[in-house]
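These are my notebook entries on a structure with more than one part to look up.

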Amino acid sequence: MGLAKRIIPCLDVDGGRVVKGVNFVGIRDAGDPVEIAKRYNQQGADEITFLDITASHEDRGTTVDMVERIAGEVFIPLTVGGGIRTCDDIRTMLNAGADKVSINTAAVHDPDFVYEAAQRFGSQCIVVAIDAKRVSQSSEAPRWEIFTHGGRNATGLDAIEWAQNMVALGAGELLLTSMDRDGTKAGFDLGLTHAISEAVAVPVIASGGVGNLDHLVAGVKEGGADAVLAASIFHFGEHSIPDAKRYMAEHGIEMRL
Amino acid sequence: MTIAVIDYGMGNLHSVAKALEHVTHEHVVVTRDARRIRGATRLVLPGQGAIRDCMAELERSEVKGLVQEVLADAEKPLLGICVGEQMLLDDSEENDGIACLGFIPGKVRRFKHDLRDSQGHRLKVPHMGWNRVHQYHPHPLWDGIDDGERFYFVHSYYVDATEDASVFGKTEYGDAQVHAAIGRGPVFAVQFHPEKSAGAGLRLLENFVNWEP
């Protein structure tokens with residue numbers, strides 16, 4: 001008996017509001033991030049991740065206000081990702097009450113930013129988000145590369161080498177998204193998850209493709225993930241966090257129940 | 001009645017302050033001001049990141065002497081969190097050896113490489129997430145919290161206190177016995193983050209606020 005695997009609901013926010021809303025019974029305005037965060041906390045979510053998709057830099061102040069309000073009422077770890085480009089961005093989010101920030105594109109443009117951030121704030125709050133896509137043919141040994149801009153732009157970087165490089169520079173955790181599976185509800189890319197999880201010493205959060213509870217189980221048992229991140233299956237009321245936790249526990253996975 | 005969260009430039013102080021404000025009506029301040037720290041009825045010593053940086057900042061911000069003074073007086077309740085726990089020991093293996101405050105005998109050790117669980121699965125470092133804390137000795141800060149309750153951890157180094165009597169909570173990670181809660185007199189310190197451990201964490205903070213050692 002030891003460390004529990006984590007379930008992390010992920011919320012997309014735009015201008016301080018949750019995009020598309022969340023389907024909880026009894027919440028009239030399902031776009032309010034504070035209400036949604038409180039509800040997920042009550043349900044037993046192990047952490048919450050916010051992905052800021054606010055387009056304009058000026059409007060990002062609303063995200064800071066939002067994080068502040070949530071941090072005053074929800075006492076589980078909060079991660080904020082999206083548009084984190086400088087150490088000032090990180091400081092702003094941590095001061096607002098975020099526990100971790102997730103760095104994505106900025107790490108690809110300037111890997112040393114990860115080093116600088118880890119040195120300044122400590123690895124424990126630096127998550128590197130890795131968006132990977134399979135580039136090998138089905139007849140070949142599997143190989144994945146890093147993509148940016150929602151999977152549109154190839155970088156030519158090998159995903160496993162990149163993951164190891166990020167950890168060497170100071171990433172304390174990796175948020176791994178399969179761009180092939182994201183939004184498909186076909187399940188995680190277990191080959192990718194397993195390959196990255198085996199290649200690094202830090203925890204790996206599997207993301208992209210969750211459509212049912214068996215996918216969560218497989219992410220941990222076959223993919224070797226330390227945490228699973230999902231959005232739509234929780235937001236639209238298909239499954240609740242307690243259901244997911246019970247299901248995973250029934251399949252022999254240690255959970256915080 | 002004031003609770004001072006000691007600000008020496010390391011750690012997510014706002015989370016701790018906000019969680020304290022959630023469980024008490026007492027005044028909570030985040031400060032490095034000597035007068036306010038001396039005047040506070042209770043102190044919280046947080047800490048995050050590298051212990052070398054924490055010790056260096058403690059020294060640089062002139063808070064180190066104050067903390068040592070409080071520890072020596074043994075009158076005021078103090079809660080150490082994360083690196084704030086580790087700094088109470090003699091020294092740490094981190095950064096090739098760092099001298100700490102030496103209030104509780106023992107060392108801070110690194111989880112060994114290739115750490116595995118009993119079934120042979122590889123364990124990740126940092127130890128990140130919710131793990132069980134076994135209440136090794138009774139303590140007022142455990143009041144209303146189940147033995148074996150889970151708290152949120154994130155750390156790569158762990159406390160190994162020498163004296164059995166100073167250990168109040170133990171957590172297993174692989175073959176490492178993490179001394180997740182230690183204490184002596186009015187001082188209690190935890191490796192996990194009560195401010196991020198949902199209901200159980202808030203209860204521990206509430207117990208601290210009400211503690212009359």
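**Entry 1: a helix in chain A**

I began with the packing of α5(A), and found that its buried residues pack against α3 (87-96), β5 (100-103), α4 (105-109), β6 (126-134) and α6 (159-169) of chain A. I took contact to mean heavy atoms within 4.5 Å. The model is predicted, so local features need pLDDT of at least 70 and side-chain atom pairs count only at pLDDT 80 or more, while totals for chains, interfaces and linings use all residues. Residues are numbered from 1 along each chain as its sequence is written, chains are lettered from A and ligands numbered from 1 in the order in which they are written, and side-chain values use heavy atoms, with hydrogens and water left out.

Which residues of helix α5 (residues 112-121) of chain A are buried? I noted F113(A), V114(A), A117(A), A118(A) and F121(A). Buried means under 20% relative accessible area, exposed over 50%, and partly exposed in between, with a 1.4 Å probe and protein chains only. Viewed down the axis of α5(A), the buried residues fall within an arc of 130°, so they line one face of the helix. The arc is taken from the directions that run from the helix axis to the C-beta atoms. Just after α5(A), I found G122(A) with a positive phi of about 95°.

**Entry 2: a glutamine in chain B**

I next looked up Q86(B), which is found in helix α5 (residues 83-86) of chain B. Is Q86(B) buried or exposed? Q86(B) counts as buried because its relative accessibility is 3%. Leaving aside neighbours within four places in sequence, I listed its contacts as I51(B), C100(B), V108(B), H155(B), Y157(B), Y158(B), V159(B) and Q191(B).

**Entry 3: where the chains meet**

I then turned to the interface, where 39 residues of chain A are in contact with 29 residues of chain B. The two chains bury about 2600 Å² between them, 52% of it on carbon and sulfur atoms. Buried area is the accessible area (1.4 Å probe) that two parts lose on being put together, summed over both. On the side of chain A, L3(A), F75(A) and Q124(A) lose the most area to chain B, together 30% of what that side buries.

Between chain A and chain B I recorded 20 residue pairs in polar contact, both residues at pLDDT 80 or more. α2 (61-71), α3 and α7 (190-199) of chain A each supply at least two residues of the side that touches chain B. The largest share, three residues, comes from α3(A).

**Entry 4: salt bridges**

How many salt bridges does the structure hold over all chains? I noted 29, and three across the interface of chain A and chain B. A salt bridge is a side-chain nitrogen of Lys or Arg within 4 Å of a carboxyl oxygen of Asp or Glu.

D226(A) forms a salt bridge with K124(B), with 3.3 Å between the closest N and O atoms. D99(A) and K196(B) also meet in a salt bridge, at 2.9 Å from N to O. This pair crosses from the loop between α3 and β5 of chain A to the loop between β14 (187-190) and α6 (198-210) of chain B. Both D99(A) and K196(B) are buried.

Within chain B, E212(B) forms a salt bridge with R42(B), the closest N and O atoms being 3.3 Å apart. The pair links distant parts of the chain, 170 residues apart: E212(B) is in the segment after α6 and R42(B) in strand β3 (residues 42-45). I noted that E212(B) is exposed, at 63% relative accessibility, whereas R42(B) is buried, at 4%.

Technical notes:
Helix = DSSP H or I, 4+ residues; strand = E, 2+ residues; numbered from the N terminus. Polar contact = N/O pair within 3.5 Å; in protein donor to acceptor, adjacent residues only side chain to side chain.
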